[in-house]
Amino acid sequence: MAEEPYDSLFTTDFNAWVKAEVAHQDEMVANPHIAETAKGAIEYARIGEGPVVLAIHGGPGGYDQGLLLFEWVTKFGFSLIAPSRPGYLGTPVTSGKSPAEQADLYAALLDTLGIDKVAIICGSAGGASSYEFAIRYPKRITALVAADAVVSKYLMPANAGPVAQALFLSGPGEKLINYFTKHYPRQSMHEFLQQESMLRPEQIDLQVEAALKDPLQIRLLLRFSRSMSEYPKRKAGVDNDLDGLSKLDDLPVGKIQCPVLVIHGTHDSDVLFYHGVYAWENIPGAEKMWVREGSHLCAWISPQVHEIHAKILSFLQQHT
């Protein structure tokens, strides 16, 4: 199979661009730390200077996903702390299995680091513990941004059949995806959107063609792929999420007092749209941003990604 023709991409030397991007990723994720807190050990990394944003990853993920997907906020005067949730990479699953226990772990991390208040930005399976933090620690959170985030019972999506699980939830599958993302971005983007949306084939094709011209979306595609690699080091966290979130009741988000921005793709097939609707309808004063024809990845890979990032930045600047 021939690699992607350059005339369909944003650069005439995609291989060199990928090499430089991967080198930057390597540098960014090279030095995580382990904090021994009152609630257990937790792995984290920190970059940037300014008001602290706590980045809570989805699944599969880890501190690297938080860094790689949200690094961009550090260019606007924020610092970013990205922990690995329990079961992912260097954080043992015993440090907190439930969303409430994970929220307590985040608070203990802040205590250990001497940080009083943070804003939180979260996505996907990281939503439940982030909402719990806002409920349990109202004086320690300045704002919450929730992107396609879990707030109620989560079940494996209907289109996550054996082939999809072999690709996205196995070590060999993740290696294959990582390779294809670097060499065949059109096919990789198509596969991601097919698995993470309820879009029709022609809608996927339109989004893929637009994304191939946008270095931000291709960069985030590469970073997503990387942050799900080395699956055996993330499996305990995925298993814990799938077990615990399948038993989750609707979280009492009506108790949340901080400003909240809920972002959700209307065509998300992973964390279904009703999660976003429930959060927005029940959190007092919450703002919403519904992404038309948005997949589960719409805050990173979609025609509206630049508009979404501008909205997130404005919201954080207003409330921190």
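Visitor: Why is Asp148 called buried?

Guide: In this predicted model, Asp148 has a relative accessibility of 0%. Buried means under 20%, so Asp148 counts as buried.

Visitor: What makes Leu89 partly exposed rather than buried?

Guide: The relative accessibility of Leu89 is 23%. The cut-offs are under 20% for buried and over 50% for exposed, with partly exposed in between, so Leu89 counts as partly exposed. Leu89 lies in the loop between E4 and H3. Leu89, which is not a glycine, has a positive phi of about 50°.

Visitor: Where does Arg85 lie, and why does Arg85 count as buried?

Guide: Arg85 lies in the loop between E4 and helix H3 (99–113). Its relative accessibility is 1%, and buried means under 20%, so Arg85 counts as buried. Not counting residues up to four places away in sequence, Arg85 touches residues including Gly59, Gln102, Tyr106, Ser129 and Asp241.

Visitor: Which form does the peptide bond from Gly59 to Pro60 have?

Guide: The bond from Gly59 to Pro60 is cis, with omega near -10°. Most peptide bonds are trans. Pro60 lies in the loop between E3 and H2.

Visitor: What makes strand E4 largely enclosed?

Guide: Five of the five residues of E4 (residues 79–83) are buried, so E4 is largely enclosed by the rest of the structure. Ser79, Ile81 and Pro83 are buried on one side, and Leu80 and Ala82 are buried on the other, which leaves both faces of E4 covered.

Visitor: How do you know which strands pair with E4, and in what sense does each one run?

Guide: Two strands count as paired if there are at least two bridges between them. Strand E2 (residues 40–48) and E4 are joined by five bridges and run antiparallel. Ala45 has Ala82 in E4 as its bridge partner. Strand E3 (residues 52–56) and E4 have three bridges and pair in the parallel sense. Here Val53 stands opposite Leu80 in E4.

Visitor: How does the chain cross from E3 to E4?

Guide: The chain goes from E3 through helix H2 (residues 63–70) to E4, and this β-α-β crossover is right-handed.

Visitor: In what order do the strands of the sheet stand, and what makes E1 and E8 edge strands?

Guide: The order in this open sheet of eight strands is E1-E2-E4-E3-E5-E6-E7-E8, and the pairing is mixed. Strand E1 (33–37) and strand E8 (287–291) each have a single partner strand, so one side of each is left without a neighbour in the sheet. From one strand to the next, the twist averages 20°.

Visitor: How many bridges join E5 and E6?

Guide: Seven bridges join strand E5 (residues 118–124) and strand E6 (residues 141–149), and the two pair in the parallel sense. Ile120 stands opposite Leu144 in E6. Helix H2 packs on the sheet, touching E2, E3, E4 and E5, and the direction of H2 makes about 150° with that of E4.

Visitor: What makes helix H4 largely enclosed?

Guide: H4 (residues 127–136) has nine of its 10 residues buried, so the helix is largely enclosed by the rest of the structure. Among the buried residues are Gly127, Tyr131, Glu132 and Phe133.

Visitor: What is the angle between helices H7 and H9 called, and why?

Guide: The axes of H7 (residues 185–195) and H9 (residues 215–226) cross at roughly 70° and come within 11 Å. Angles of 65 to 115 degrees count as roughly perpendicular, and H7 and H9 are therefore roughly perpendicular to each other. In this contact, Pro185, Ser188, Met189 and Phe192 in H7 meet Gln217, Ile218 and Leu221 in H9. By class, five of these residues are nonpolar, two are polar and none is charged.

Visitor: Why are Ile263 and Val271 called buried?

Guide: Ile263 has a relative accessible area of 0%, and Val271 has one of 1%. With buried meaning under 20%, Ile263 is buried, and Val271 is buried. Ile263 lies in strand E7 (residues 260–265), while Val271 lies in the loop between E7 and helix H11 (273–282). Leaving aside neighbours within four places in sequence, Ile263 is in contact with Asp148, among others. On that basis, the contacts of Val271 include Asp148, Tyr154 and His296.

Key:
Residues are numbered from 1 along each chain as its sequence is written. This is a predicted model: local features need pLDDT of at least 70, side-chain atom pairs count only at pLDDT 80 or more; totals for chains, interfaces and linings use all residues. Side-chain values use heavy atoms; hydrogens and water are left out. Helices (H or I, at least four residues) and strands (E, at least two) are DSSP runs, numbered from the N terminus. Buried means under 20% relative accessible area, exposed over 50%, partly exposed in between (1.4 Å probe, protein chains only). Contact means heavy atoms within 4.5 Å. Axes are lines fitted to C-alpha atoms, for helices over the stretch in contact, and angles run from 0 to 180 degrees between N-to-C directions. Angles under 35 degrees count as roughly parallel, over 145 as roughly antiparallel, 65 to 115 as roughly perpendicular and the rest as oblique. Ala, Val, Leu, Ile, Met, Phe, Trp, Tyr, Cys and Pro count as nonpolar, Asp, Glu, Lys and Arg as charged, and the others, Gly among them, as polar. A crossover is right-handed if, with the strands pointing away from the viewer, the path from the first strand over the helix to the second runs clockwise.
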